[in-house]
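Subject: Structure handover

Hello,

Here is the structure for you to look through. My notes on it follow below.

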Amino acid sequence: VDDLIRKSDKLSVVAQLAAGVAHEIRNPLTTVKGFLQLFQNEESYNGYYLKLMMEELERVESIIYEYLTLAKPNYEQDFQNIRIDTLLKQLLTLTETHSNMINIKLEFNAEEVPIILGLEKELKQVFINIIRNAMEAVEENGIISVRVRNHPDDFVCIQVEDNGCGMPRERIERLGEPFYSTKERGTGLGLMVCYKIIEHHGGILNVYSEVNRGTKVEIILPTLKKRKKEMLMI
Ligand code: ADP
Ligand code: MG
């Protein structure tokens, strides 16, 4: 019965989200359509509107992208052995060019840590979302520091720290709420997806932040050994 309730809970959450996503997507599409109608009459063609249309379409793209990861069913049997330090290293190498361009210093520091069990695509998505938030939070002299550490009792700890704008307590409490965003072009789906994925991996996500000082997002994941132990107990 427990399982049944949980399943129906999940369904209504997904349905609610779908309604929200549809709504969020309709607004930018209406804007784009409006401008296109305007452009049919050639004199009203305007480069500024074109830029706006592009931005709105990009917004639609990120909403769909972020939502799809969540709506897709995932199966425990697809979990693979993952070296989280290697995964992060690869991801940061990809980010480096962009962060150099916008003058952000990216630091990476990893201890040798045990293998974990997970879905590579999902975990990548988590760190992309978190690093993107950090990039959006810092201004001049921005520093983003990524650390991988051993955590007691067969856990691995990953921290992403920035020296950006930080956030007040009320905001921290609302993180993970769908569509909660303080950005003009935010989707407010990024952290919700992170929470879901980390939960799905048997881990936890903590956020520590201080206004004008910066933010630290910490993810604690069980190692492969820990997960095997748990499975034996069941
Ligand atoms: P989005 O980035 O689209 O706004 P998210 O779910 O990724 O949505 O983040 C929700 C909100 O949390 C952001 O709008 C921002 O206010 C806050 N936030 C997230 N990460 C940080 C950070 N590193 N520093 C400051 N604020 C943050
Ligand atoms: Mg975000």
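Two residues are in contact if their C-beta atoms, placed from the backbone, lie within 7 Å. Leaving aside neighbours within four places in sequence, Val160 is in contact with Ile130, Ile131, Ala134, Ile144, Val146 and Val217.

Some background first. This is a predicted model, in which local features need pLDDT of at least 70 and side-chain atom pairs count only at pLDDT 80 or more, while totals for chains, interfaces and linings use all residues. Residues are numbered from 1 along each chain as its sequence is written, and chains are lettered from A and ligands numbered from 1 in the order in which they are written.

The core

A nonpolar core is a set of buried Ala, Val, Leu, Ile, Met, Phe, Trp, Tyr and Cys residues joined through C-beta atoms within 7 Å. Buried means that 20 or more other C-beta atoms lie within 10 Å of a residue's own; exposed means 12 or fewer, and partly exposed is in between. The largest nonpolar core has 32 residues, and Ile130, Ile144, Val156, Val160 and Cys194 touch the most other members. Among the elements that each supply at least two residues of this core are helix H2 (47-71), helix H3 (84-101), strand S4 (142-151) and strand S5 (155-162). H4 gives the most, six residues. Helices (H or I, at least four residues) and strands (E, at least two) are DSSP runs, numbered from the N terminus.

Cys157

Cys157 also lies in strand S5. Not counting residues up to four places away in sequence, Cys157 touches Arg149, His151, Glu218 and Ile220.

H4 and H6

Helix H4 (residues 120-137) packs against helix H6 (residues 190-200) at an angle of about 145°, with the axes 9 Å apart. Axes are lines fitted to C-alpha atoms, for helices over the stretch in contact, and angles run from 0 to 180 degrees between N-to-C directions. The residues making this contact include Val126 and Ile130 of H4 and Cys194 and Ile197 of H6.

Ligand 1

There are 23 residues around ligand 1, and Asn133, Ala137, Ser181, Gly186 and Gly190 come nearest. A residue is near a molecule if its C-beta atom, placed from the backbone, lies within 6 Å of it. H4 and H6 each supply at least two residues of this shell, and the largest share, four residues, comes from H4.

Regards
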